[in-house]
Amino acid sequence: MNKTILLATHNHNKVKEFQEILQPYGYDVLSLKDIGYNKEIKEEHTTYKDNAIAKVEALEHVYDGIIIGDDSGFEIAALNFQPGVYSARFMPEYSIKERNQAIVEKLKNEDDRSCAFVCSIACLKDDKLWVTINRSFGTVAKEVEGTNGFGYDPIFIPLGYDKPFSLLDRSIKNKISHRALAIEALVQYLENS
Ligand code: IMP
């Protein structure tokens with residue numbers, strides 16, 4: 001029988017990716033919606049790790065079982081690793097498409113296009129807290145293309161590929177992304193604890 005994990009998020013794109021990656025390992029993912037939790041959990045910290053921990057701690061007394069929380073972001077070397085931990089709130093006046101276009105424009109004459117997606121996952125199991133942080137490296141695309149995925153996927157070309165996540169099959173993203181690497185570490189932890 002599959003084991004169940006509560007994921008502390010209201011973001012349905014994340015729930016979908018966690019489900020797709022965790023199901024083959026024998027885990028079912030519940031979202032906050034599934035348990036009727038409607039409150040927002042704020043990301044008030046300055047590190048991915050602290051935001052991920054805050055998410056699981058907010059649910060400690062609400063759910064009795066394995067709880068995971070994540071925080072992720074996009075780091076661009078030429079922009080001093082911005083937007084980083086503030087990725088969800090970067091250029092809030094723009095739609096995500098306009099934001100991606102603005103980033104491509106900013107990097108128009110830049111040779112160093114290196115960037116990374118980051119994912120930290122915190123897990124609370126049997127009163128024990130565990131955390132991981134993982135990066136998936138790539139380069140910023142020269143144009144905004146494709147519709148697969150979400151957020152900055154249309155401008156992130158993973159190392160070893162010549163297309164952004166938004167044009168690659170989602171099974172590829174689910175193997176090599178920051179989230180996939182962090183989930184792999186999580187599964188190792190859960191299987192050995
Ligand atoms: P948070 O983890 O909810 O704080 O999200 C941070 C932001 O980073 C998201 O709103 C997205 O814009 C971006 N982000 C995180 N993971 C991904 C991803 O897998 N693809 C594209 N953008 C992402």
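## Salt bridges

Lysine 55 and glutamate 43 form a salt bridge in which the closest N and O atoms are 2.8 Å apart. The two partners come from distant parts of the chain, 12 residues apart: lysine 55 belongs to helix α2 (residues 48-59), while glutamate 43 sits in the loop between β2 (27-30) and α2. Lysine 55 counts as buried, at 4% relative accessibility, whereas glutamate 43 is partly exposed, with a relative accessible area of 24%. The model described here is a predicted one, and a search of the whole structure finds 9 salt bridges in it.

Another salt bridge joins the side chains of lysine 49 and aspartate 50, at 3.7 Å from N to O. Lysine 49 is partly exposed at 43% relative accessibility, and aspartate 50 is likewise partly exposed, with a relative accessible area of 28%. Glutamate 75 and arginine 135 also form a salt bridge, with their closest N and O atoms 3.1 Å apart. Because glutamate 75 lies in strand β3 and arginine 135 in strand β6 (residues 128-140), this pair ties together parts that are 60 residues apart in sequence. Glutamate 75 is buried, with a relative accessible area of 12%, while arginine 135 is partly exposed at 34% relative accessibility.

## Aromatic pairs

The search of the whole structure finds 7 aromatic pairs. One of them is formed by phenylalanine 117 and phenylalanine 165, which are stacked, at 6.3 Å centre to centre and with 5° between the planes. Phenylalanine 117 lies in strand β5 and phenylalanine 165 in the loop between β7 (156-158) and α4, so the pair ties together parts that are 48 residues apart in sequence. Phenylalanine 117 counts as buried at 6% relative accessibility, and phenylalanine 165 counts as buried at 2%.

Tryptophan 130 and tyrosine 189 form a further stacked pair, with 4.8 Å from centre to centre and 10° between the planes. Since tryptophan 130 lies in strand β6 and tyrosine 189 in helix α5, the pair ties together parts that are 59 residues apart in sequence. Both tryptophan 130 and tyrosine 189 are buried. Phe117 and Phe165 also belong to one aromatic cluster, together with Phe74, Tyr152 and Phe156.

## The largest pocket

The largest pocket holds about 680 Å³ of space. Its lining consists of 29 residues, and those nearest its centre are Asn11, Lys14, Glu43, Ser72 and Ala88. Two or more residues of this lining come from each of α1 (12-22), β3 (66-76), α3 (96-106) and α5 (178-191). Of the elements, β3 gives the most to the lining of the largest pocket, with 3 residues.

By class, the lining of the largest pocket comprises 9 nonpolar, 9 polar and 11 charged residues. Glu43, among the residues nearest the centre of the largest pocket, is also the partner of lysine 55 in a salt bridge.

## The second largest pocket

The second largest pocket has a volume of about 180 Å³. It is lined by Glu60, His61, Tyr63, Asp64, Gly65, Ile66, Ile67, Leu124, Lys125, Asp126 and Asp127. Strands β3 and β5 (114-125) each supply at least two residues of this lining. The lining residues divide into 4 nonpolar, 2 polar and 5 charged.

## The enclosed cavity

How many cavities of 30 Å³ or more does the structure hold? There is 1 such cavity, and about 50 Å³ of space lies in the largest cavity. Its lining is made up of Glu17, Asn148, Gly149, Phe165, Leu168, Arg170, Lys173 and Asn174. Helix α4 (residues 170-176) gives the most to this lining, with 3 residues.

The lining of the largest cavity has 2 nonpolar, 3 polar and 3 charged residues.

Key
Residues are numbered from 1 along each chain as its sequence is written. This is a predicted model: local features need pLDDT of at least 70, side-chain atom pairs count only at pLDDT 80 or more; totals for chains, interfaces and linings use all residues. Side-chain values use heavy atoms; hydrogens and water are left out. On a 1 Å grid over the protein atoms alone, a cavity is a set of points where a 1.4 Å probe fits but cannot get out, and a pocket is an open set with protein on both sides within 12 Å along at least five of seven lines; lining residues have an atom within 4 Å of a point. Grid points are joined across faces, edges and corners, and a volume is the space filled by probe spheres set on the points. Helices (H or I, at least four residues) and strands (E, at least two) are DSSP runs, numbered from the N terminus. Ala, Val, Leu, Ile, Met, Phe, Trp, Tyr, Cys and Pro count as nonpolar, Asp, Glu, Lys and Arg as charged, and the others, Gly among them, as polar. A salt bridge is a side-chain nitrogen of Lys or Arg within 4 Å of a carboxyl oxygen of Asp or Glu. Buried means under 20% relative accessible area, exposed over 50%, partly exposed in between (1.4 Å probe, protein chains only). Rings of Phe, Tyr and Trp (its six-membered ring) pair if their centres lie within 6.5 Å; planes under 30 degrees apart count as stacked, over 60 as edge-to-face and the rest as tilted.
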